[in-house]
Amino acid sequence: MPIKNEIARKEIGIRELIEQKQRSRNFKEMFERAIPIFLFLIASISILTTAGIIYTLLSETIEFFKRVPMAEFFTGTVLKPLSQTPQFGVLPLIVGTVTSSLIAMAVAAPIGLMSAIYLSEYASDKVRKTVKPLLEILAGIPTIVYGFFAFTFVTPLLREIIPGLAATNILSPGIVMGVMIIPMIASLSEDAMSSVPNSMRDGALALGSTKLEVTKKIVIPAALSGIIASFVLGISRAIGETMIVTIASGSTKNFTFDITQSMQTMTAYIVEVTGGDAPAGSTIYYSLYAVAMTLFAFTLLMNLLARSISRKYREEY
Amino acid sequence: MTLMSEHKEAIQLRLMDNANWRKPVYETNGLNLWYGATHALKNIDLSINEKEVTAIIGPSGCGKSTYLKTLNRMVEMVPDVSISGHVTFKGKNILGKAMPVEMLRSKVGMVFQKPNPFPKSIYENVAFGPKIHGIRTKAMIDNIVEDSLRKAALWDEVKDRLHKSAYGLSGGQQQRLCIARCLAIDPEVILMDEPTSALDPVSTHKVEELINTIKNDVTIAIVTHNMQQAARISDRTAFFLNGEIIECDQTSTIFNNPTDHLTNDYINGRFG
C-alpha cells in the first residue's frame, strides 16, 4: 500500500523507488555480513558449555585418582565413602545403573515398539492424531512424579506379588523408568516407520504380503536405524535418570544382581553426596566427579554405539 | 442365478462378435467406484483376455489407474472408497469374501509408475515374493532369482552384483527389477500403471521389448499416457474418459478406425 500511495502521490516510477532503496544498501550489506557471525556465537554457547563441563569433570577426576588408585575405583566392589576407612569401589553403582536400565528397557523396548507399529501401520489417521500428542504429554510428566508413583504405588503392588521384595528395591523404579521411556521410544520409532515411503508398502502388498509381513520384512528393516536410535536414546535416558531411582531404590550400595534388593545408581549416589555436606576438597567430594565422569563415559559410549549400529543396518530408500 | 445366465450370455455375444476371441481372465460388469462423493468409475464393462496386452488410455483423472488398481484391490487402500458391481478373476468374484486379497495378489503382479524396489539387495528384491509365499530352499530361490532376472532382461547387467543394493541401479534397471520381482511369483496377470512414465526413451524401449517377450506367458494390462506406446505394444485398447469406457476394441481398430468421435479426437491429440 505505501508504495502504491507514493507512486500515486509523487508520481515516481517503481524503478526510481528501487534505486532509492538501494542507496541504503551499505548498512544492509553490513547487517547481512554480521548475521552469520552472530549466529555462530550463539551456536558456540552450547559447545563451549559442554567443553567447560568436560574440563571440570576431567580435572577434578584426575585429582580424585591422585588419592584413590584407578584400579581400586574401577574394580572395587565395596563403596563406603563415609566409613572410618573409606573405600571407593564404583562397581556397586555401575551394577545398579546397568540393572535398572536393563529392567527399564525390558519394559520399554517391546511395549514402545509395538505401540509404534500399531500407530504407524494399523491405526487410522484419526487415532494416530489423537494418540501421538497424548504420548508426548505423557513424556512431559516430571520424573519426580514417576518416582513418587514408583515408591507409593508400584512397590506396594509388587510386594503383594513378590514376597521377598524389599521396601526399597531396584525392580520397581526400573519398571517405572520403563513406563516413562515408552512414549519416547514409541514416538521416535513411529516417526522412523512413518517416514518409510508408502511405495515400499504398496510394492510388498501387491506381491500378496499380509500387513504383518509388510511390517516385519519391509517397514521395520527400513526403519531399523531410527528404531535403534530410539532404543539407545531410551537407554541413555534410563542411565541418566535420577529422581525415580533416588526415591524408590534407596541408598544401599549393594553389590548384587538381586533385583528385589535396594541398589544405588551412579546418579542417585551423586544426589546423596551433594545432598549431604561433602566438604570441598575432601576425597568424597572428588569422588562425585569420578562417578560423574564414569556416567558421562557410559552415555557417550551408548551414543557412539548407536551410531555405528544404525550405520551398519542402514537400509536407504 | 440370473447373473450367471447374463454372464454366459455376455460371453457368447463376445464369442460371436470377435473371431480372435481369447479366454477372458478378468471380467468386469457394471463396476462403479466412488472416492467419497466423487464418482470415479461409472458402469465399467470390460474384459481382459488371456495372454493379451490390454492398454488402457485416457486423459489424467479419467479413472484408468483406479480401474487397474481395482483389479488387485489396491484401490481399497484409499480411505473412503466404495465399490459396487462385479469383477471376476478366472470366474471368481474378487470383490467379495470368496477370494482373500493376498491370494489374488499372489496371482496378479503389479508394476508401479515410479520404480519402487525395496531397500534391500537386488537378490532379496526378487526373492521377496517367493519367500513370503513359503519357498524356503535356497537352491530353489537361487533358480527363481536367476530365471526372473533373465526374463526381465536384467541378468547380464546385474549378475555380478546381486548382493548389492537395488538403489545402485539406474531408474530403468530398477523398473525392470520391479518387473522381475513380479515375475518371481509366476503371476498370471501383470498390471502396469504407467510403467515407463518416469523413464528415459532408451529404458522405455527396453521395458517395451520386455513386455513383448513376457506376453507369451502372462496377461498384461497396462495403463499409459503414451498413445504411441499403446499402439506399439498392445493387442486391445480401452479408452477411458471421465470414469466411463468410451470404446474398447482391437488396438488397430482404435487407432485407425475408431467408432466414437471422442476416441478419434483423443488419439489425434485434440484434447487430453
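Predicted model: local features only at pLDDT ≥ 70, side-chain atom pairs only at ≥ 80, totals over all residues.

Biologist: Start with chain A. How many helices and strands are there in chain A?

Modeller: Chain A has 13 helices and two strands.

Biologist: And what is the radius of gyration of chain A against that of a compact globule?

Modeller: Chain A has 27 Å, whereas a compact globule of 317 residues would be near 20 Å. The C-alpha trace of chain A spans about 95 × 65 × 40 Å along its principal axes.

Biologist: What share of chain A counts as buried?

Modeller: Of its 317 residues, 35% count as buried. As for contacts in chain A with a separation of 6 or more, 73% come from residues 24 or more positions apart.

Biologist: Now α3 of chain A. How far does α3 reach from its first C-alpha to its last?

Modeller: Helix α3 (residues 25-67) of chain A reaches 64 Å with 43 residues, close to the 63 Å expected at 1.5 Å a residue.

Biologist: Where is the kink in α3(A)?

Modeller: The kink is centred on A:S44 and is about 30°.

Biologist: How many of the 43 residues of α3(A) are buried?

Modeller: Two, so α3(A) is hardly covered; the cut-off for buried is 20 or more other C-beta atoms within 10 Å.

Biologist: What about α5 of chain A, what span should its 32 residues have?

Modeller: Helix α5 (residues 91-122) of chain A should span 46 Å at 1.5 Å a residue, and its end C-alpha atoms are 44 Å apart, which agrees. α5(A) also bends, by about 25° at A:M105.

Biologist: Over to chain B. How many helices and strands are in chain B?

Modeller: Chain B has eleven helices and ten strands.

Biologist: And what is the radius of gyration of chain B?

Modeller: It is 19 Å for chain B, which agrees with the value near 19 Å for a compact globule of 272 residues. The C-alpha trace of chain B spans about 50 × 45 × 40 Å along its principal axes.

Biologist: How many residues of chain B are in contact with chain A?

Modeller: 19 residues of chain B are in contact with 16 residues of chain A. On the chain B side, the elements that give two or more residues are α3 (101-107), β6 (108-111) and α4 (122-132) of chain B.

Biologist: Which classes of residue are on that side of chain B?

Modeller: The side of chain B that touches chain A has nine nonpolar, six polar and four charged residues.

Biologist: Next, the core. How many residues are in the largest nonpolar core?

Modeller: The largest nonpolar core has 139 residues. Those with the most contacts inside it are A:I181, A:I185, A:I244, B:I56, B:A180, B:L191 and B:A221.

Biologist: Which helix gives the most to this core?

Modeller: Helix α10 (residues 211-240) of chain A does, with 13 residues.

Biologist: What does B:I56 touch?

Modeller: Not counting residues up to four places away in sequence, B:I56 touches B:K64, B:Y67, B:L68, B:A221, B:I222, B:V223, B:A238 and B:F240.

Biologist: Last one: why does A:I270 count as partly exposed?

Modeller: A:I270 is partly exposed because it has 19 other C-beta atoms within 10 Å, and buried would take 20 or more. A:I270 is in helix α12 (residues 266-275) of chain A and touches A:L288, A:V291 and A:A292, leaving out residues up to four places away in sequence.

Conventions
Residues numbered from 1 in each chain as written. Chains lettered and ligands numbered in written order. Contact = placed C-beta atoms within 7 Å. Helix = DSSP H or I, 4+ residues; strand = E, 2+ residues; numbered from the N terminus. Nonpolar A, V, L, I, M, F, W, Y, C, P; charged D, E, K, R; others polar. Rg over C-alpha atoms; globule rule 2.2 N^0.38 Å. Buried ≥ 20, exposed ≤ 12 C-beta atoms within 10 Å, placed from the backbone. Expected span 1.5 Å × (residues − 1). Bend = angle between axes of the 7 residues up to and from the residue. Core = buried A, V, L, I, M, F, W, Y, C linked by C-beta atoms within 7 Å.
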